[in-house]
Amino acid sequence: MKSIISWTLRNIPRKYLQLVSHFAMKIYAIFLRGTRVSCPVCKSKFSKFVPYGRLEPRDNALCPNCLALERHRLMYMYLQQKTNFFQAKLKVLHVAPEYCFIDRFEKMKNLDYITADIESPLAKVKMDLHHIPFEDNTFDVVFCNHVLEHVEDDIQCMREMRRVLKPTGWAIMQSPQDWSLATTFEDKTITDPKERERLFKQDDHFRIYGRDYNKRLEQGGWKVTEDKFGVNMPPDQTMRFALPKDEIIYLCQK
Ligand SMILES: [Zn+2]
């Protein structure tokens, strides 16, 4: 099963996967009846989650009901427990919206919710993150997760998101980090997809962020608060919700 998942993720374009994976998972879920793990996003329970990952699939990762991964479950709990996201009246820009969040956030009456992406069929506004087609100070909240490693000029994109955020707003821009790297590794001269996969772990990645990701966000003009929300989670909850153990949430403000 793991090798099928790995092959599928590496060979079928993401925009098609997003459209069909939901149906495939509904069928797979039949084999995962149980209550050992629980998804905080959709509230479903299973014996375990589905393995997921391109090169080395991780066990117990993907919720077969809503397609939330470990990091999505962590972010959802963070939003519930540490922000005003579910209560305040907020205008939200969600870049490269994750499937597990779109319907839920769209239905929330307190949100004026706009999804945007350069190619995803799930997003309403087609846009290039280097030039966001909105006025300064438009949004209360910006989400942009696992995108900045894919863009040519990440600092420019960070500045653009900062520009469209209101002075009182906040943003979450999580990116994959390699904790063994002190500084971010980037080489724009490498354009061969195979070389990129070898060096950056994925053929459409421009860089691998290291432990200096917070500094990188600061270069983009952000004031960054590191929240070890996941790291400090009680172990029984980390297991129950299958959460990432080492992910730091970077809350960004103007
Ligand atoms: Zn779920």
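Helix 3 contains the buried residues E70, H72, R73, L74, M75, Y76, M77, Y78 and L79, where buried means under 20% relative accessible area, exposed over 50% and partly exposed in between (1.4 Å probe, protein chains only). The model is predicted: local features need pLDDT of at least 70, side-chain atom pairs count only at pLDDT 80 or more, and totals for chains, interfaces and linings use all residues. Residues are numbered from 1 along each chain as its sequence is written, and side-chain values use heavy atoms, without hydrogens and water.

The zinc ion has the protein donors C39 (SG), C42 (SG), C63 (SG) and C66 (SG) at 2.3 to 2.4 Å; donors are N, O and S atoms within 2.8 Å of the metal (3.2 Å for Na, K and Ca). The spacing of the donor residues in sequence is C-x2-C-x20-C-x2-C.

One aromatic cluster is formed by Y76, F85, F86, F101, F105, Y113, F143 and W170. Rings of Phe, Tyr and Trp (its six-membered ring) pair if their centres lie within 6.5 Å, and planes under 30 degrees apart count as stacked, over 60 as edge-to-face and the rest as tilted. F85 is buried, at 0% relative accessible area, whereas F86 is partly exposed, at 26%.

Definitions and conventions: Helices (H or I, at least four residues) and strands (E, at least two) are DSSP runs, numbered from the N terminus.
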